[in-house]
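Dear colleague,

I am handing over the structure below, and my notes on it follow directly after. Please read them with the coordinates open beside you.

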Amino acid sequence: MQILIYILKRILQTIPLLIVVSLISFFIIRLSPVDPLAELKLNPSISKETLQKETERLGLNKPIYVQYALWAKAFVQGDLGVCSTGESVAGKLKERIPNTLLLTALVILLTWLVGVPLGILAAISWKTPLDRMLTVLTSIGMAIPSFFFAILLLIFAVKTGWFPVGGLTSYNFNEMNLLGKIWDITHHLILPTTVLFTISLAGLQRQMRANLLDVLDSDYVKFARAKGLSEFKVLYKHALRNAINPMITLLGFEFASLLSGAALTEYVFQYPGLGRLVLEAVLKSDINLVMASLMMGAVMLVLGNLIADILLIFTDPRIRTVNSKQ
Amino acid sequence: MKKFLYVLLIIILVLFALKFFINADIPELETLKTAKTESLAPVKLPASPKTVTINGIDYLQSQAPVGGFGGVLVASTIGEGPKTFNPFNTKDATSATMADTMFDGLVATRAKDGEAVPKLAKSFEISPDGKTYTFKLRRGIKWSDNKPITAEDVVFTWNKIILTGLGNTSTRDSVLIDGQLPKVEKTDDYTVKFTTIKPFAPFLRILSAPIAPKHIFEPAVRKGEKYFQSFWSTTTPPKNFVISGAFKLKEYVPAQRIVFERNPNYYEINLNGEKLPYLDKIIYLIVGDLNNEILKFEAKELDTISLRGSNVGRYKKREAKSDFIIYNIGPDTGTMFVAINMNKRKNEQGKYYVATKKQAWFNDRNFRYAIDWAIDRQNMVNNIANGLASPLFTAESLNSIYLNKKLANGHPKDLKKAKEYLKKSGFYWKNKILYDKRNNRVEFDLYTNAGNTEREAIGVMVKQDLEDLGMRVNFKPVEFNSLVNKLVNSLDWDLVIMGLTGTPLEPHNGKNVWYSTGSLHLFNQRPDGKATDRFDWEVKLDKIIDEASLKITFNDRKKLYDEYQQIIYDEKPIIYLYSPIRVIAIRKKFGNIFPSPLSGVTYNLDEIYVKQKVKSKK
């Protein structure tokens with residue numbers, strides 16, 4: 001019951017936050033000198049009447065605050081509006097979200113499955129050659145900019161011909177059988193996943209290692225060891241449980257990056273995800289599309305944090321007691 | 001001491017890096033060489049298609065050599081892909097290309113000479129007074145859903161879609177003659193009559209607009225404009241499309257590709273009487289940028305690509321050992337120019353758009369001549385365009401059929417001559433700094449849109465060239481939208497570097513730029529749209545544009561358009577710089593490739609086929 005009230009409170013708290021986010025983003029976009037009709041204006045074959053019609057269709061002839069009010073009203077009713085090209089924003093997002101989710105979810109799954117054990121391994125073999133080697137590797141991973149690594153891999157794909165150059169499916173995808181389809185998508189996913197995996201693995205592994213080292217140095221671990229507990233029990237029953245808390249907070253942020261974290265890599269690999277769509281929308285000041293993606297990002301971030309906090313309530317008894325006292 | 005060492009170390013590193021970049025930047029010479037020696041080898045184009053009647057069906061017969069059926073051609077489109085498949089809603093080039101693949105117009109452009117020839121129509125006649133166009137349609141040809149294509153469809157398309165201004169109104173705008181729209185009537189099931197109130201030369205080519213199937217579009221048109229905007233959008237299942245062209249949409253995968261398959265009902269046959277097109281599929285991969293396009297071509301995912309910059313030299317070297325051929329199809333319709341703001345008007349607050357001293361300079365023809373003679377176009381071609389461009393001096397692009405050939409070669413850079421012109425108007429130099437006769441230092445702004453590296457490079461060169469004359473040029477690349485606002489609304493600019501694309505076939509399309517009330521009459525924009533305070537030569541240009549649109553024969557029009565180019569050349573409100581050259585690579589396995597400077601390489605998708613031999617070797 002208490003948890004439910006807590007969740008409700010948190011959700012109510014996000015409403016003013018979302019309003020502020022939407023206000024700031026809307027006005028920044030609209031006050032920037034980007035004119036969605038600039039290209040039409042410089043097209044010799046477009047007449048003044050057409051321009052006028054377009055201005056009215058996009059609502060650009062109304063004052064900014066009226067534009068915002070119209071947008072907000074539609075948004076609250078669940079209508080994301082239409083793009084500057086007349087297509088529905090919700091439809092466009094729906095086309096792209098599964099692709100992005102496929103990539104980011106895969107990457108997050110892989111990094112956590114590999115990164116956390118590697119972090120533990122590095123921490124328990126602190127200052128041994130193994131730890132040093134892992135440090136060097138992860139440092140490299142953290143140092144390579146993702147777009148650069150992506151380009152390197154693309155060149156590798158072109159030179160060897162082993163991997164397709166970007167995209168998600170081959171052109172004859174629809175004529176393949178199920179197995180062929182799965183293989184085709186996997187084949188296309190390998191390179192972008194490698195890039196994202198390498199980069200986020202480094203951060204995660206180092207975080208895990210630092211947390212565990214911190215805990216291993218604390219008094220209660222020393223006490224547990226002095227008590228004569230087996231090293232296995234000390235590590236996995238006492239130390240790890242305490243070391244995992246900061247990781248859960250991190251997981252909340254990872255959740256937020258599900259939809260937006262891979263934009264740069266997506267762009268380089270021509271991956272049909274949200275990244276390319278939103279980038280183009282920003283460049284063309286396609287307000288409804290940009291607003292929808294920004295709001296989505298904000299909601300995901302809030303939601304991620306909420307999930308992390310709830311998980312923390314379960315894993316950390318200290319928070320539980322504080323909450324119940326309130 | 002330690003700090004000093006660090007600084008030294010960084011300097012050395014930077015120097016090394018610079019050295020590396022300079023070394024890596026060599027292939028320019030190679031490109032220059034290829035661009036100069038390689039012009040388009042004369043390709044013998046096949047005779048134009050004829051109409052043959054078999055069993056009462058008026059087929060179009062391709063006269064190109066007979067090829068084999070089957071195969072796929074993979075091309076690319078840069079950007080985010082089409083926004084709509086409705087040919088009457090398209091507002092961007094990609095959507096237009098995709099929609100036009102599926103639809104034929106009454107007439108089409110002949111690749112050889114740009115002449116408008118019957119396509120969906122069997123034949124047409126123009127009445128002696130030049131006002132009535134009578135089109136005979138092909139009998140027995142069908143839409144992709146087996147319904148016949150008749151005069152009903154043509155009349156419906158024009159009267160209910162185009163002329164009512166549904167969707168993109170640019171076709172409607174372009175047939176508005178003295179505020180009046182043409183009349184479209186059906187004479188019988190296979191005859192349509194178009195009547196304009198005056199003879200209007202560009203009209204025939206405008207009739208290449210797609211014709212819609214009435215039985216599909218009529219319900220959509222009835223539901224009004226808003227519905228029509230979303231009709232045949234990118235989310236419509238392709239099986240609902242009914243088309244007349246050689247290829248029909250099969251699949252659209254957002255941000256990945258567009259797949260077209262052959263239309264078995266297409267009305268074109270080859271010399272053996274077999275139904276075209278040869279190819280089973282045409283695929284456009286949607287690529288985000290040029291770099292990715294190049295990578296995809298190298299990985300053999302693409303069959304054809306438009307090459308730019310230093311890539312041309314690199315590919316030319318490899319051509320002999322590779323499976324592709326490179327075609328240089330000459331200058332395209334893109335133009336780079338410097339426009340000069342000659343506006344003498346005041347804005348609503350009573351302030352001059354352009355400061356009065358600058359007005360005096362910019363309205364002085366000698367001053368504009370001096371700029372023209374000081375600019376080194378060849379240098380720009382060599383250094384900015386990697387040799388892949390031609391210096392340009394005329395308002396019509398170099399591949400235009402109306403190009404005034406006398407002016408096309410222009411003149412070289414000549415600083416002395418430029419200085420003479422300035423002296424004639426009383427400009428003088430003190431310490432190599434230029435002053436006008438009222439002792440004002442000559443200083444002005446030069447704008448272009450930031451982010452366009454080509455235009456920024458041009459700006460730097462123009463600035464250097466003009467500074468040789470003692471002018472002070474403040475080169476200001478600004479954000480594209482702010483620039484457009486300056487050019488179209490606030491009009492507070494001095495000089496600007498811009499580019500526009502046109503058409504090699506119809507100078508009348510430049511009307512918005514050159515007509516004194518045009519919406520893009522950059523150098524003397526009239527915000528109120530009223531033809532007041534015209535220069536003598538502006539009056540002349542207006543007259544020529546009007547007159548040339550009334551003349552029907554090519555020779556009459558050519559004479560007028562020659563004069564129009566001469567006037568612009570003499571007055572130089574816009575100083576043209578260069579036109580890029582188009583270079584296209586395509587795999588050798590394709591047959592019936594007939595590159596043409598007017599239409600490109602893959603304009604005849606219905607005739608292109610995959611050569612069997614090359615296929616079996618693979």
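Chain A brings 41 residues to the contact and chain B brings 50 residues, contact being taken as heavy atoms within 4.5 Å. The model is a predicted one, in which local features need pLDDT of at least 70 and side-chain atom pairs count only at pLDDT 80 or more, while totals for chains, interfaces and linings use all residues. Residues are numbered from 1 along each chain as its sequence is written, chains are lettered from A and ligands numbered from 1 in the order in which they are written, and side-chain values use heavy atoms, with hydrogens and water left out.

The area buried between chain A and chain B is about 3900 Å², with carbon and sulfur atoms giving 50% of it; buried area here is the accessible area (1.4 Å probe) that two parts lose on being put together, summed over both. Three salt bridges cross this interface, a salt bridge being a side-chain nitrogen of Lys or Arg within 4 Å of a carboxyl oxygen of Asp or Glu. B:Lys281 forms a salt bridge with A:Glu175, and their closest N and O atoms are 3.1 Å apart. On the side of chain A that touches chain B, H3(A) gives the largest share, five residues; helices (H or I, at least four residues) and strands (E, at least two) are DSSP runs, numbered from the N terminus.

In helix H13 of chain A (residues 274-283), the buried residues are A:Leu274, A:Gly275, A:Arg276, A:Leu277, A:Glu280 and A:Ala281, where buried means under 20% relative accessible area, exposed over 50%, and partly exposed in between (1.4 Å probe, protein chains only). Their cover includes helices H5, H11, H12 and H14 of chain A, together with strand S13 (281-287) of chain B.

Strand S13 of chain B also belongs to an open, mixed sheet of four strands in the order S3-S13-S11-S10, strands being paired if DSSP finds at least two bridges between them. Strands S3 (72-78) and S10 (247-253) of chain B stand at the edges with a single partner strand each, so one side of each is left without a neighbour in the sheet. S10(B) runs antiparallel to S11(B) (residues 257-262), joined to it by six bridges, and B:Leu249 stands opposite B:Phe260.

The loop between S12 (268-269) and S13 of chain B holds B:Pro277, which is joined to B:Leu276 by a cis peptide bond with omega of about -5°. B:Asn386 has a positive phi of about 55° although it is not a glycine, and at 14% relative accessibility B:Asn386 counts as buried.

Best regards
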